Amino acid sequence: MSPERWQQIEPILDEALALPASERGLFLERACNGDASLRAEIESFLIEKSHTSDFLEQPIFALPSEIKQVGVTTQPNTHSIVTPSPLIGQQLSSYKIISLLGKGGMGEVYLARDTRLDREVAIKLLPPMLTRDPEREERFKREAKLQAKLNNHQNIAIVHALEQSEDASFLVLEYVPGETLGDRLQHGALPAAEALPLFRQIAAALAAAHAQGIIHRDLKPANIKITPNEQIKVLDFGLAKLLHHEAPTAEAVDSLLTTRTYWTTDRQVIIGTVPYMSPEQTYGKELDHRTDLWAFGCVWYEALTGQRPFTGADTFDLFNAIRTQAPNWQALPADTPQPIRKLLQQCLQKEPAQRLSSANDALRVIAEVENSPGSLLIAKLKRWKNQVVYAAIVSLAMTLGLVYRQPIQAYVATMMAWLTPIPKDKTLVILPFKELGNPAKEDKVGRGLAKALHDLLMSIADLRVLPLAESVQANLTNASADHVMKTLGVNLLLQGEVQREGDAITIHYRVQNNQGTALFSGSAKGKSDDYAKLQNEIAATVANALKLNVVSLPSTTSFQDQSSETKYLEALTALQGDLTRETIAPIIKSLHELQTKEPTSARVLAALSQAYFHQANLANDFDAARTALQFAEQALQQDAQSIEVQLASGQALYFLGECQPAIARFRSVQEKQPGNLEAILGLARAHQDCGQLPEAESFYKSAVTHWPNYWGSHNELGAFYFDQARYEEALREWEWVMLQNPDGAGGYINVGNALFKLGQYAQSETYFHQALNKLATNQETNENAYIGWGTAQFYLEKYQDAAATFEAGLTLNDKSPWLWANKGDALYRIPGQESKAFEAYKNAITLTKRNQPDALGLARMAEIYAKRSRIKGMDEQVKTEDQQNALNFIRQARKEAPTDVEVLLSSIFVYHLTGDNPRAIDSVALALKNGLHLSELQNEPELWALRQEDGYVAIINQHQKSR
Amino acid sequence: MTSAHGNIVKSHEVTQLLNAWSHGDQTALNQLMPIVYDELRRLAHQYMRRESPGHSLQTTALVNEAYLRLAQGKAVDWTDRTHFFAVCARVMRRILIDIANARGRVKRTPGEHRVEFEEALTIAEERDGSLIALNDALETLEAVDPRKAQVVELRYLVGLSVEETATVLKVKPDTVMRDWRLAKVWLLRELSKTESLAVSH
């Protein structure tokens, strides 16, 4: 079809479409003026019309369901309506009824679509008796017109129209999405700062209505709607009077569910909802605007305390309370600003003459409170709402010119939802900051910045910050925020980017919660080397925005030389990365260079302490630990309050085996911050080291109490139980870890280990197998999974498989003495593999010796010597030497750790294999006493002969009896 | 972490391009489309994570948020906004075709962004076959009466109301209603030729 032809068709088609089908023929004949082809063509457009009325009517991409939830109703639809209303789907005048929003005192309210103006509206059906009488109808219309005067106020729901069709009269009202104040109060009282802006808007609505001479008469939480952007819309203004102007019929009275109508003796009608009625209302007296101010006071009181100011067992009791009793003013929360207390008292004066005289007075008091500089609470709230999000939304809505339309509402809702959900109990993870324009591997300052913010924020008592090392190690940089929070069991996440352009730095940052909502974002701008200033700014904004009570946030002291900032952050970043003995040296070197420039900087000294501590850990280097301690002590002299430094000092002390001084350090942190994970775990480990097991256990448990959803705390507690041979308890904790962090292989490995210790080899084997699958998925390696899997196979007597598994593990790490030793064990059981077993044992011994073995290492080495010595066909001299070595090493190990279960287990092997069964049996008794699980002995092929000994049997019987 | 990087660089670029396009520079549209497409894709992806399963995405909200992000830091210009809606309508149409094509394929190519869109935007599967037909019909309509085609894009694909569509097209709401009415009968007739009336749900 050509555009010209269409231009010819279009106007005629348009007119034809507007006509009933029966009249079209005649019309077309005339309009087409004998042009048969034109008529035929137009008719071709008219054919399909009848059964395709909803063609394209729904936008192709579906609407989110939350839009459809809410309504203007005075009461949520609590009595479930069993049969769907017959009205749904019907057309009332130009309104298509979509759904029932609720039933209330004013009758039924429906969500409908205004097909003319293409918008959603609320339709309130009126009781038929109201409009039957023409005179009454006239008055009703007048009132509705009066109502329309209020249509321009942003806090009053609009009355679009009063409409009448043959069978119903109804009000067409603005459809307001969101919850009512009543809904919100079901979750408890509101904080004073949250209530204040809501009541400012309610007061504004009242002031505007009162100025027009309109009284609400029935203000109550259910009549106050809060839109998703925290805008108040007062509903049903003046409707109470409108609907109850004349004595209602009995049938209408029955339908009035929340708004009760009462008759006084002189047949005056009382309108209102009893708990919010003013004293004059309960007497059925003439009302003026001050009745609304009473209700306003009642509702605010209820919002702050969660309870109504006046209560009674029945209506008369309640009337009596309203008329004679004073509300319990003690119930107002302590942080209620004094002027607000006074305002509420003025609102709830029994005598109207003594009451607050106007809503404008209330507005003035509220404005004073909001603007008072002393009110920290309010200041925070204002800054938060106005600057961050509200401005953006308002400007958007205004530019669109579409402020009250649905899709925008929904959009605003999404954004405004960000305002509210700040969790009460706050646990925060900080992710390394990304560097724009810098690929991750060239990360220069991002981790350091995160660490600096971590150190600043962790001094806030109400906030628990996950130690940065935990999030860095978890390697979740590329995971979604939700995933990170879920995995780490925290409810807040701070992340951001650093952008450098020439001389300027901009740090973009944002915080989101674990409900998927972004709470706020910001940018801090400065010149290069302004990092200290920017850090302080970001930390302060975060603390502020999270509504944290911060007495004084420590701030980073700037360096003497500005250029040190970047160098410092680079070193700090390097320190948070993957460290090896090779990479730590240059970091230490650059920190020393920095220290010569900034000799008194606590930050540099603390970083040096941490760097040396890492070195100590990596190289098992006690001198480095002592240096770390010295730097920590120096840093403390500069800044005695620094939590970070106290923790560093505690760690160094712990490393050096100074468990009591370490405990003192950790305790001083933990006393100030009971939820500091590093301090708690430091205390737990140090106590464990000192042999104070009950204390250690209580601190491990405390870590779980404070970080209940973080797998790391459960993991530590599990490891403690495992060390104490409490395998069932270890299993419980580790199963939790596995479920919480299903992508990590660690949980599976540990569960496998615990099951193994409990003698459940087949199950254990499957978990190790899964661990290996996870490792492959994550492109990680962990030889422990091979050790576990192979060992389980070994105990299941699958020696060939076990040897192959250990062999696979060795391809990953041929320096693991445990893998070599276990491979030896497996090969020893395979006929013809004796010489290979010998070689494996030999490698295991060489590798163990290399690593300055501790008690456990010595015991294992002894065990390997003993095992090697029994290989058939060996040189006799080697055999004797092996046995000697086994006995020597086990003696040393026993001396260092006399009650360690693993050491005792090794000594059973050593004594048994060197032919000293009495001592082996002594060791059995001791090991069982210290928690060794019986299955480890009963299923060990190596100990078969020992189990036949009478002494052994006696010990086992005794042990089983004692349990 | 997502690429806030991209936004920052692009914000003024987008405003400039919108401006250029509104002054008749057609190449600006070609440059805008991929930027808008990427942004919508990214947002859709985010929404996917945010929403519980079963929730679907509202195009208007998506488009609004995309605009806010792309114009970040710039004064939100009213005319830019209407142009932006128009670009989005084009993009949504492109996406629609991609979705339909992607579903038609036996196996999806991993990593293709249209698949993410497909997951984010809920469209009944049974509509797919006719999406292509609808697009073809729209193209025919465009040749005959471009504004009516645009009304359909804005109303049906972007989900705008009559008033919003009127604002974007700088016409009266009555005109939009009339266009809408006529466009529908036009499309119905066109589709009946290809027996694809299943477009209606």
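Helices here are DSSP runs of H or I with at least four residues, strands are DSSP runs of E with at least two, and both are numbered from the N terminus.

Some notes for a first look. This is a predicted model, in which local features need pLDDT of at least 70, side-chain atom pairs count only at pLDDT 80 or more, and totals for chains, interfaces and linings use all residues. Residues are numbered from 1 along each chain as its sequence is written, while chains are lettered from A and ligands numbered from 1 in the order in which they are written.

1. Start with Arg217(A), which sits in the loop between α6 and β8 of chain A. Its phi is positive, about 80 degrees, although the residue is not a glycine. Is Arg217(A) buried or exposed? Arg217(A) is buried, with 25 other C-beta atoms within 10 Å. The cut-offs: 20 or more other C-beta atoms within 10 Å of a residue's own make it buried, 12 or fewer make it exposed, and anything in between is partly exposed, with C-beta atoms placed from the backbone.

2. Lys170(B) counts as exposed, with 9 C-beta neighbours inside 10 Å.

3. β8(A) belongs to an open sheet of three strands, in the order β7-β8-β9 (chain A), with antiparallel pairing. Two strands are said to pair if DSSP finds at least two bridges between them. At the edges are β7 (179–180) and β9 (232–234) of chain A, each pairing on one side only. β7(A) and β8 (residues 224–226) of chain A are joined by two bridges and run antiparallel; in β8(A), Lys225(A) is the bridge partner of Thr180(A). Helix α6 (residues 192–211) of chain A packs on this sheet and touches β8 and β9 of chain A, its direction making about 35 degrees with that of β9(A). For angles like this one, axes are lines fitted to C-alpha atoms (for helices, over the stretch in contact), and the angle runs from 0 to 180 degrees between N-to-C directions.

4. Look next at β6 in chain A, which has a partner on either hand in this list. Strand β4 (residues 119–125) of chain A is joined to β6 (residues 169–174) of chain A by five bridges, running antiparallel. Strand β5 (residues 159–164) of chain A also runs antiparallel to β6(A), again with five bridges. Which residue of β6(A) is the bridge partner of Leu125(A)? That is Phe170(A), and Phe170(A) is the bridge partner of Glu163(A) too.

5. The contact includes Tyr568(A) and Leu572(A) of α20(A), and Ala607(A) and His614(A) of α22(A). Residues are in contact if their C-beta atoms, placed from the backbone, lie within 7 Å.

6. Gln346(A) lies in helix α12 (residues 338–347) of chain A and is partly exposed, with 17 other C-beta atoms within 10 Å. Leaving aside neighbours within four places in sequence, Gln346(A) is in contact with Arg355(A) and Leu356(A). Gln346(A) and Leu356(A) are ten residues apart in sequence and 5.2 Å apart in space, C-alpha to C-alpha.

7. Finally, chain A overall: it has 42 helices and 17 strands, and buried residues make up 47% of its 963 residues.

Notes:
Two residues are in contact if their C-beta atoms, placed from the backbone, lie within 7 Å.
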